[in-house]
Amino acid sequence: MFLGIDGGGSKTAGVLITREGEICAEHGTGPSSIVGTPSMKSLNTLRTIVEKLCLQAGIRTRNIDLCAIGLNGVDFEDEYAMQHSALFEHLRIPINRGLLVNDAIVALWGGSSSEKACILQHGSGITSAFRSTYGHEVLFDHLNTGDVFDIRYELVTLIARMIDGRHKPTGLKEIVLDYFQVNEAAYHEAVFRQRIPQHLLRSTIGIVVEQWQQHDEAASWLVHSAIDDYVLAAKAMLNKIDAGDVDVVFGGGVIMQFPQMFWELIKEKVGKIYPHAVTHPPRLSSACGAAVMAAYHGGCDPCRIFSNILDKYALVMEKQNAKT
């Protein structure tokens, strides 16, 4: 039995599978990310999800052969041993049966079954990783000090520039001001003094996408700038892989809101640099990726496990579509 968990700042998901890739249990709950020493709240969240998965599958914790956890906040080598021991001791899983990595690593395992692959995920945060072979996954700018282009916050700056005359105003300006519930005269102060609620600042991607599809010039600049920067990050990772046939995965809550036109553009740009690259969204969830990772380290063929899980979800979707 292999257990995979993906834990972040907004949610945690877990999957329990057999060595054949059969899913025995799935469960989701609240956030479990950590900063330094794991908090009791995060530890209890993870313990609850492990217990519920075991209960669903009708097994005990001791029946888990390997547990792989991808957690937001596993960032520094000098904290790793402490985080690893604290986590698995609380979960009552032997330390030698527990794998702990940054959540970007399990996202990569879920994103692609290809031996050579890279992923950039842009959601509530930004995570990236790549590998040249199974078991040699490497984080890429996991602290985002290189500052991947974030449409949501670049939009805030762009609106300010429209107001003060540094950028030509478009229809996007009034739509965003209305969404933020602030007038033009008060905008600069509202931004500086953080009077615009964070949930509004972080939820503007739909507005930009809609205006881009309606050919708004400013929205188009934002989208194309983001695409260029996503591809630049992918290029930097691929250069480290010495890639030939490789999967290039883009995912996360921000990116997954884009329509088909986005995927056509980004595939074209990646293809110009690496003609043999296959560009696509994640095939499986990060939690499933964690389970595949555990299975691999438990001696299983990751491609076969990945394919079996993917087939299961395809069958579920086919049944759901048939009902509707």
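A residue counts as buried when its relative accessible area is under 20%. Keep that in mind as we walk through this predicted model.

Let's begin with helix H11, residues 286–297. Ser 286, Ala 287, Cys 288, Gly 289, Ala 290, Ala 291, Val 292, Met 293, Ala 294 and Ala 295 are buried here. That makes 10 of the 12 residues of H11, so the helix is largely enclosed by the rest of the structure. From its first C-alpha to its last, H11 reaches 16 Å, close to the 16 Å you'd expect at 1.5 Å a residue. Just after H11 comes Gly 299, with a positive phi of about 95°.

E1 (residues 2–7) pairs with E2 in the antiparallel sense, over 6 bridges, and the two make a hairpin with 4 residues between them. Look for Phe 2: its bridge partner in E2 is Ile 17. Ile 17 also stands opposite Ile 23 in E3. E2 and E3 run antiparallel too, joined by 6 bridges, and they form a hairpin with 5 residues between them, where Gly 21 in the turn has a positive phi of about 90°. As for E2 itself, 5 of its 6 residues are buried.

Finally, the nonpolar cores. The largest has 55 residues, and Ile 151, Tyr 187, Tyr 230, Val 248, Phe 250 and Phe 262 touch the most other members. Helix H9 (residues 217–241) gives the most to this core, 13 residues. Apart from it lies another core, of 31 residues, including Ala 107, Cys 300, Ile 305 and Met 293, and Met 293 is one of the buried residues of H11.

How values were computed: Residues are numbered from 1 along each chain as its sequence is written. This is a predicted model: local features need pLDDT of at least 70, side-chain atom pairs count only at pLDDT 80 or more; totals for chains, interfaces and linings use all residues. Side-chain values use heavy atoms; hydrogens and water are left out. A nonpolar core is a set of buried Ala, Val, Leu, Ile, Met, Phe, Trp, Tyr and Cys residues joined through side-chain atoms within 4.5 Å. Buried means under 20% relative accessible area, exposed over 50%, partly exposed in between (1.4 Å probe, protein chains only). The expected span of a helix is 1.5 Å times one less than its number of residues. Two strands pair if DSSP finds at least two bridges between them.
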